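Good morning, colleagues. Please look at the model on the screen while I take you through a few of its local features.

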Amino acid sequence: MSNETTIEGEINFESLGLRKSKWVTLTGLVHSGTFKFVYQITFSDNSKYAVAVSRSYEEDFSLDAFESEVATMEYIRVSGLYPNVPVPKVYAFSLTFKNPVGAPYIIMDVVNGRVLRNEELNELPRDKQLLVVRRLAEIKSALSIPCGFSQIGCITYDNSRCECGNVEGPQLEKTQSWEMQTTDDITTREINDIGEQNVEKKEGKFVIGPFLYLEFDGINLENIVQKSGPHNSLHDLWSCLLERASLFALENWTQLDNDNIVFMLGQQGTPQLFKELSISLASMVSRLSRSKNIPQDYMTLCLHHSDFAIRNVMFDESFNVCGVIDWSMTVILPVIVTSICPLDLHSTPDEPFKISDPLPDAWKLVSFDWTNLGDRNRYPTVFTVPRGTTEQQQVDIARKVSEEISKFYLRSYFATCFTLLYKHHTHSSLAEGDMVIENRQECMEHYGLCLFIDAPIYLRLHEILMCGVHKWFEFSHWIRKHRLD
């Protein structure tokens, strides 16, 4: 039985002891994320709550990721470090499939506001588009302050099942100590009203648990939640990922019939190329994570929302931020590898059409630049089949390209606003992709804080290491080019 059927047909929150009169209506699915469905429930007294329910099968469910999401939201809300980052208050949660819902869930405040989709953003007046982007930069800069922890990983609770050891987080004032209700055995409890002081709660401290991330399995073509650490530095994290790649090779390539290594998506390599790339990446890791030329502020540990996008921010009618949602897989990382624009503003070289054959590198963390396309008369003719129809329609390529170019300027404005807002003002002369700013004075005069200028080479290396060995082969030319820069 699907999670959706379970929710709409069998859920009975009275059995959870919420002491509410029979709830009136379930307004249905209000948000669908990568890992959860979110529903809104309305009780007869007109009180409303959001219920986020895991959409994973039990064998694929990551307890660590689910628990970390709850802990992260609560930490943001009570730590006092993020007063300008509104998150829903969590009242109760369950980490098991053995509950009346039939799946892990989170009960939290409803965030009233609107979600802007790409089409809606494109239709806004230009000044309103800039306002939305500025609001996103304000959230991003607020999350980029020092987080109060000293390790790379994910926030969790001190009773977490972390096998790698935990590090105690910053001490909260007694009035700020976090309080959370878990509903795994809540049926035996008396709860008069969710969130009131007479609710039995368990208390504890926030700690850093394992570093959680999604890795694409190039053999089975699926995303898998991986964990490592926590780590003491970016060098430690990257070194661990290099070790994981060698483990992958030992587990999968010791009985090859020949020297050809082929992944399902077409990436190809050889054991000899693997060795070359492993050593080259190790050289880059040492150079980029230990160089004395790197401003220490770039290694400041901060919170990174792994799906930071306009679609995960709720706005009121005046485009003020009402709430930031979908905190799954939020991690603590050095700010230099979190310097990413909102994902809805990302551009790739194959959308709205393939710009060349072969394609330029398509990165997930660094956007492609569509501003230099030349003669518009050379745009290809592209057809698509709109959802719900069976007939092809011609795509307005000129409009689509214009939207991609608009994204470039919106990304530029996002980085500009972030630079104005960010608390640490440092300068450097590192590489931006293929460009190197050699004159430090020029950098200071024209760019001021260079975080978004310096970040791309870090982001590309981070992406290659995080995505697994298939990514090594796909970007082998880039690794060879930059290993000695």
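Two strands are said to pair if DSSP finds at least two bridges between them. Helices (H or I, at least four residues) and strands (E, at least two) are DSSP runs, numbered from the N terminus. The model is a predicted one: local features need pLDDT of at least 70 and side-chain atom pairs count only at pLDDT 80 or more, while totals for chains, interfaces and linings use all residues. Residues are numbered from 1 along each chain as its sequence is written, and side-chain values use heavy atoms, with hydrogens and water left out.

Strand S17, residues 313-315, is joined to S18 by 3 bridges, and the two run antiparallel. Within this pair, valine 313 stands opposite valine 324 in S18. Both strands belong to an open sheet of 3 strands, in the order S6-S17-S18, with antiparallel pairing. Strand S6 (114-115) and strand S18 (321-324) are at the edges with a single partner strand each, so one side of each has no neighbour in the sheet. Helix H4, residues 126-143, lies across S17 and S18 and runs at about 130° to S17. For such angles, axes are lines fitted to C-alpha atoms, for helices over the stretch in contact, and the angles run from 0 to 180 degrees between N-to-C directions; contact means heavy atoms within 4.5 Å.

What lies in the loop between S17 and S18? Phenylalanine 319 is found there, and its phi is near 65°, a positive value in a residue other than glycine. Phenylalanine 319 is buried, with a relative accessible area of 6%. Here buried means under 20% relative accessible area, exposed over 50%, and partly exposed in between, with a 1.4 Å probe and protein chains only. The loop between S18 and S19 holds methionine 329, whose phi is also near 65° and positive in a residue other than glycine. Methionine 329 is buried, at a relative accessible area of 9%.

Next, strand S5, residues 105-108. Tyr105 and Ile107 point one way from S5, Ile106 and Met108 point the other way, and all are buried. Strand S3 (residues 48-54) is joined to S5 by 4 bridges in an antiparallel arrangement, and alanine 52 has isoleucine 106 as its bridge partner in S5. Strand S4 (residues 90-94) also runs antiparallel to S5, through 4 bridges; there, alanine 92 has isoleucine 107 as its bridge partner.

I turn now to helix packing. Two packed helices are described by the angle between their axes and the distance between the axes. Helix H6 (residues 271-290) and helix H9 (residues 451-467) pack at about 135°, with their axes 11 Å apart. H6 and H9 are therefore oblique to each other; angles under 35 degrees count as roughly parallel, over 145 as roughly antiparallel, 65 to 115 as roughly perpendicular and the rest as oblique. Leu281, Met284, Val285 and Leu288 in H6 meet Ile457, Tyr458, Leu461, Ile464 and Leu465 in H9.

Finally, which residues are joined by a cis peptide bond? Glycine 229 and proline 230 are, with omega about 15°, and proline 230 lies in the loop between strand S13 (222-228) and helix H5 (234-252). Another cis peptide bond joins glutamate 351 and proline 352, again with omega about 15°. Proline 352 is in the loop between strand S19 (331-334) and strand S20 (383-384).
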